[in-house]
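Visitor: I would like to learn how to read a structure like this one. Please take me through it feature by feature.

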Protein chains: 2
Amino acid sequence: MTEINSNWNPAQRVLMGPGPSNVHPRVLQGMAQWTIGHLDPQFLALMDETMGLMRTVFQTQNPLTFPVSGTGSAGMETTFVNLLEPGDRVVVGVNGVFGERMCDVASRCGAEVRRVEAPWGRIVDPEAMAQAIREVKPTLVAIVHAETSTGVLQPLQVIQEATHEAGALLLVDCVTSLGGVDLRVDEWKIDVAYSGTQKCLSCPPGLAPVTFGERALERFDRRTSKPQSWYLDIGMIRRYWSGERLYHHTAPINAIYGLREALRLIVEEGLENRIARHTRNAAALRAGVEAMGLQLFAQADARLPSLTTVCVPEGCDEAALRSTLLNEFDLEIGGGLGPVKGKVWRVGLMGDTSTPRNVFYFLSCLERILRRQGVMVENGLAAAQEALGD
Amino acid sequence: MTEINSNWNPAQRVLMGPGPSNVHPRVLQGMAQWTIGHLDPQFLALMDETMGLMRTVFQTQNPLTFPVSGTGSAGMETTFVNLLEPGDRVVVGVNGVFGERMCDVASRCGAEVRRVEAPWGRIVDPEAMAQAIREVKPTLVAIVHAETSTGVLQPLQVIQEATHEAGALLLVDCVTSLGGVDLRVDEWKIDVAYSGTQKCLSCPPGLAPVTFGERALERFDRRTSKPQSWYLDIGMIRRYWSGERLYHHTAPINAIYGLREALRLIVEEGLENRIARHTRNAAALRAGVEAMGLQLFAQADARLPSLTTVCVPEGCDEAALRSTLLNEFDLEIGGGLGPVKGKVWRVGLMGDTSTPRNVFYFLSCLERILRRQGVMVENGLAAAQEALGD
């Protein structure tokens with residue numbers, strides 16, 4: 001057996017990767033409160049409160065808005081397994097890891113998947129999506145709002161219109177947008193959406209907020225087969241997360257304590273203020289990076305406020321740089337995945353992590369290490385400060 | 001939106017239901033430590049340590065022993081979706097809710113399920129299981145070691161032998177036994193097992209410890225189709241929980257901090273001591289209950305040390321009694337499910353909850369409320385104390 005360290009004392013990392021983001025002490029302390037039962041009236045009241053807070057952040061009135069008992073990918077799977085039956089047709093936009101993952105999950109549901117691809121770093125062309133939807137006549141259209149692998153923010157309007165003209169449901173991955181980037185489930189006519197807690201909500205990973213609209217539930221109720229997952233079957237889960245309170249599985253009590261506290265922090269800050277903060281700090285980060293002479297990866301008119309992708313400059317040992325950032329400066333950023341592995345860094349400014357302090361710290365550390373590696377860059381701080389309005 | 005209470009201050013319930021059990025402050029504080037990344041070398045070391053501790057508690061050398069990122073039911077689903085393909089034959093023992101649930105999950109995998117039933121409160125007859133296994137020639141045999149809905153402890157030896165004579169895999173639900181009841185995965189030749197954290201491990205709910213033996217992994221590697229769940233696919237998950245560290249989904253970091261601390265507490269106490277403690281306190285509880293003149297529900301030679309089922313006496317309003325226990329005495333016990341709803345109470349003595357203090361408190365409160373309801377019972381404390389060896 002591995003030797004047991006007597007104390008767990010993790011380094012106080014600055015979490016500027018693609019998630020998890022830094023967690024507010026109130027959330028950590030919230031999770032550490034006394035565990036009570038999943039059918040305790042006190043807990044049932046907390047569930048209602050948490051659902052109400054989630055609706056505020058999703059900007060929806062959907063009654064079935066609850067946290068799936070798993071991480072963001074369990075949220076993805078929840079939406080697909082409940083809305084697809086074998087033989088159903090799906091159109092999926094693919095411009096990164098999470099569009100790929102949606103195709104894989106939909107295929108495992110027995111669906112016929114039509115992929116609409118775009119190069120990594122570009123949005124999925126809305127007209128190409130609309131065209132595919134008209135051709136395929138799917139029951140479900142799936143698109144990633146905020147691609148965590150590329151830092152691209154996807155426009156949804158044209159896709160939404162084409163989806164509903166075809167009588168299909170619109171499913172949106174908002175793992176890296178919920179709580180930090182403008183997202184309006186009801187106004188934008190999104191039928192079903194899922195997210196994760198460890199991005200702009202600044203909660204530890206472990207829960208997946210989802211919301212199902214009326215049309216999605218109608219589709220669910222017309223199923224002729226059970227969803228292939230018992231654990232994620234909303235037919236049973238909604239009986240626990242509603243007035244009926246019928247036991248399905250034991251809810252992750254303390255994780256929900258933490259989510260509730262994280263959502264309260266968002267409501268206290270104000271969702272609009274929070275989104276504006278994410279926008280402002282991301283602009284400063286980009287200005288600083290570009291002033292250093294580095295290139296941004298995502299297309300200029302579709303950059304995510306929550307995650308910035310930076311091209312690795314020539315002559316830089318990118319893995320060594322990330323390692324130095326982590327070990328010497330306690331600063332975590334992400335590397336690239338798949339086709340952009342070794343070519344980009346992913347720099348998150350999500351939730352509590354989105355502060356000018358972290359922007360300045362990252363730019364300072366990045367400059368220092370690049371220079372050490374012999375990569376000549378300019379200083380980016382003045383440009384970042386200017387972007388903040390100084 | 002629901003009104004937001006400014007502080008979350010749950011009552012300090014004594015958790016004597018069927019789980020969650022009471023959580024040690026060190027576990028709660030463990031969960032509240034600074035969140036770091038799921039690929040941070042510090043976290044990777046913690047994962048290894050947690051796996052080692054889990055092997056100790058499962059009494060196994062299986063390399064693939066890890067916590068599924070979901071509650072116990074996700075553990076159940078993980079074992080079935082990875083080991084079954086459509087058309088496979090399965091034999092399942094059914095003598096309570098969790099045997100039923102296994103049938104449902106296996107059916108959703110497209111398997112042909114042969115049920116071997118027993119009345120609630122009785123063990124599944126090992127000979128009947130063996131007979132069914134010889135007839136059906138299944139690829140998988142599934143049985144619940146500790147039935148949380150009835151308080152029955154299932155003997156496994158005969159079933160194990162019949163399973164392996166037939167060349168099948170043995171799958172065991174040990175949600176309510178792991179860490180509190182004798183369970184020897186390797187010695188008893190269990191091929192795959194799952195549990196939950198909120199029972200005898202005394203951790204908040206949210207993770208499902210699982211262990212896959214060599215023969216189970218061989219079966220997995222011979223699959224001709226992908227598992228129907230992406231989220232629970234051990235083909236990908238094992239690449240993250242091994243030296244490769246390939247990203248699959250973001251691990252529930254802080255929940256794993258908590259699990260590691262709970263497992264450390266078990267190793268500090270000593271697994272044998274802990275099991276003996278569960279046995280001793282359960283004996284005291286049963287002695288007290290019987291001395292009061294009440295009946296136990298589970299068959300006399302197969303009673304779980306972690307969960308005792310008590311028959312509701314005539315003249316008692318059982319729901320009112322549980323409600324009074326909770327609201328007046330901060331003491332949670334469970335009601336019956338399905339066919340024994342209203343007929344039994346489920347009284348857990350799991351993990352940190354398993355103490356003489358809780359036994360005495362429960363017996364005292366139960367006597368008091370029953371007398372108030374006009375149900376005449378004896379005092380059970382002396383018998384309980386005697387059973388403890390006083």
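Visitor: Through what surface do the copies meet, and why can one say so?

Guide: First, the ground rules. This is a predicted model, where local features need pLDDT of at least 70, side-chain atom pairs count only at pLDDT 80 or more, and totals for chains, interfaces and linings use all residues. Residues are numbered from 1 along each chain as its sequence is written, while chains are lettered from A and ligands numbered from 1 in the order in which they are written. Two residues are in contact if their C-beta atoms, placed from the backbone, lie within 7 Å. Here 100% of the interface residues of chain B are also interface residues in chain A, so the copies meet through the same surface.

Visitor: How many residues of chain B are in contact with chain A, and which elements give two or more of them?

Guide: In chain B, 63 residues are in contact with 64 residues of chain A. Helices (H or I, at least four residues) and strands (E, at least two) are DSSP runs, numbered from the N terminus. The elements of chain B that give two or more residues to this side are helix H1 (25–31), helix H2 (41–58), helix H3 (72–83), helix H4 (97–108) and helix H9 (253–269). By class, that side of chain B has 26 nonpolar, 24 polar and 13 charged residues. For the classes, Ala, Val, Leu, Ile, Met, Phe, Trp, Tyr, Cys and Pro count as nonpolar, Asp, Glu, Lys and Arg as charged, and the others, Gly among them, as polar.

Visitor: What is the strand order of the open sheet of seven strands in chain B?

Guide: Two strands pair if DSSP finds at least two bridges between them. The order in chain B is E2-E10-E9-E8-E5-E3-E4, with mixed pairing. Strand E2 (64–68) and strand E4 (112–117) of chain B stand at the edges with a single partner strand each, so one side of each has no neighbour in the sheet. From one strand to the next, the twist averages 15 degrees.

Visitor: Which strands pair with E5(B), and over how many bridges?

Guide: Three bridges join E3(B) to E5(B), which run parallel, and B:Val92 stands opposite B:Ala142 in E5(B). E5(B) and E8(B) also pair in the parallel sense, over five bridges; there, B:Val144 stands opposite B:Asp173 in E8(B).

Visitor: Is E5(B) enclosed or exposed, and why?

Guide: A residue is buried if 20 or more other C-beta atoms lie within 10 Å of its own, exposed if 12 or fewer, and partly exposed in between, with C-beta atoms placed from the backbone. Five of the five residues of E5(B) are buried, so E5(B) is largely enclosed by the rest of the structure. B:Leu140, B:Ala142 and B:Val144 point one way from E5(B), and B:Val141 and B:Ile143 the other way.

Visitor: Which residues have the most contacts inside the largest nonpolar core?

Guide: In soluble globular proteins, nonpolar side chains tend to be buried together. A nonpolar core is a set of buried Ala, Val, Leu, Ile, Met, Phe, Trp, Tyr and Cys residues joined through C-beta atoms within 7 Å. The largest has 262 residues, and those with the most contacts inside it are A:Ala106, A:Val141, B:Ala106 and B:Val141. Not counting residues up to four places away in sequence, B:Val141 touches residues including B:Val91, B:Ile133 and B:Leu171.

Visitor: Where is there a cis peptide bond in chain B, and which residue of chain A has a positive phi?

Guide: Most residues other than glycine have a negative phi, and most peptide bonds are trans. A cis peptide bond joins B:Gly19 and B:Pro20, with omega about 5 degrees; B:Pro20 lies in the loop between strand E1 (14–15) and H1 of chain B. A:Lys137 has a positive phi of about 50 degrees although it is not a glycine. With 11 C-beta neighbours inside 10 Å, A:Lys137 counts as exposed.

Notes: Axes fitted to C-alpha atoms, helices over the stretch in contact; angles between N-to-C directions.
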